[in-house]
Amino acid sequence: MPRSLHANTLSTLLNPHLPNSYLTITKKQRKQTISHTLTMPGLTIGDSVPNLEVETTHGVIKLHDYIDTWTILFSHPGDFTPVCTTELGKMAAHAPEFAKRGVKLLGLSCDDVSSHAEWVKDIEAYTPGCKVTYPIIADPKRELIKILNMVDPDEKVSSGHNVPSRALHIVGADKRIKLSFLYPASTGRNMDEVVRVLDSLERSSKNKIATPANWKPGEDVVISPSVSDEEAKKLFPQGFKTVGLPSNKGYLRFTNVDH
């Protein structure tokens, strides 16, 4: 799905009344810039994952067939690299936590399937007792990382091609992206945080709530501002408390949906 151009930038490029001294590019260049920016690929929160047919370590799969529940789709810069080895090992170690939540895993990099298969041996050796049971997508033509918004704009291989970023999309059973992380190649992801945000998304999908800063399962959540106090009494019979603030607006209301 095309990503939107910032409103101020777009209005500037489209404004026909700007003085000539301001227009440092030709009309043709402006048109090309607008066209390129408005059609720049890249999925983000709320977008649907396309039903691509992909080659993986588990054979050819269609994304929509695979994503029939909460799914973590994550990319890594390359096989046989240090940080990626630790990350995929931690993913394997957290597999029981994801399984308890009915969550599937799906990795991706630009190496081919045979490379993935060999690399898995290193990952499992680094993480004793853990098996990489999830499929890893092969994207040697670097097409999928562009479609799925998983390109690192700064890191390149010797050939000049971009490498995948440490991107992670949490996708719902409706095939829509619910959350995205985008880390640079230099920073490994925290799998405990992935589990935490999954728990947050699961609860907010079932209740009219949001989770506050640093929330952990079992702690209080906040009631959505769109819910009136009268409705809150019906939705949350366990009760809720409103925090007194100088504004006296009564918008900060806590309840617990885990007890």
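Student: Which residues in H6 are buried?

Tutor: Ser 115, His 116, Trp 119, Val 120, Ile 123 and Glu 124 are. Buried means under 20% relative accessible area, exposed over 50%, partly exposed in between (1.4 Å probe, protein chains only). Note that this is a predicted model: local features need pLDDT of at least 70, side-chain atom pairs count only at pLDDT 80 or more, and totals for chains, interfaces and linings use all residues. Numbering runs from 1 along each chain as its sequence is written, and side-chain values use heavy atoms, without hydrogens or water.

Student: Why that spacing?

Tutor: An α-helix has 3.6 residues a turn, so residues three or four places apart point the same way.

Student: What covers the buried residues of H6?

Tutor: The cover includes helix H4 (82-93), strand E4 (104-109) and strand E5 (136-138). Helices (H or I, at least four residues) and strands (E, at least two) are DSSP runs, numbered from the N terminus.

Student: New topic. Is Thr 56 buried or exposed?

Tutor: Buried, with a relative accessible area of 3%. Thr 56 lies in strand E1 (residues 53-56).

Student: What does the side chain of Thr 56 reach?

Tutor: The backbone nitrogen of His 58, at 2.9 Å. A polar atom of that Thr 56 side chain also lies 2.7 Å from the backbone oxygen of Gly 59.

How values were computed: Contact = heavy atoms within 4.5 Å. Polar contact = N/O pair within 3.5 Å; in protein donor to acceptor, adjacent residues only side chain to side chain.
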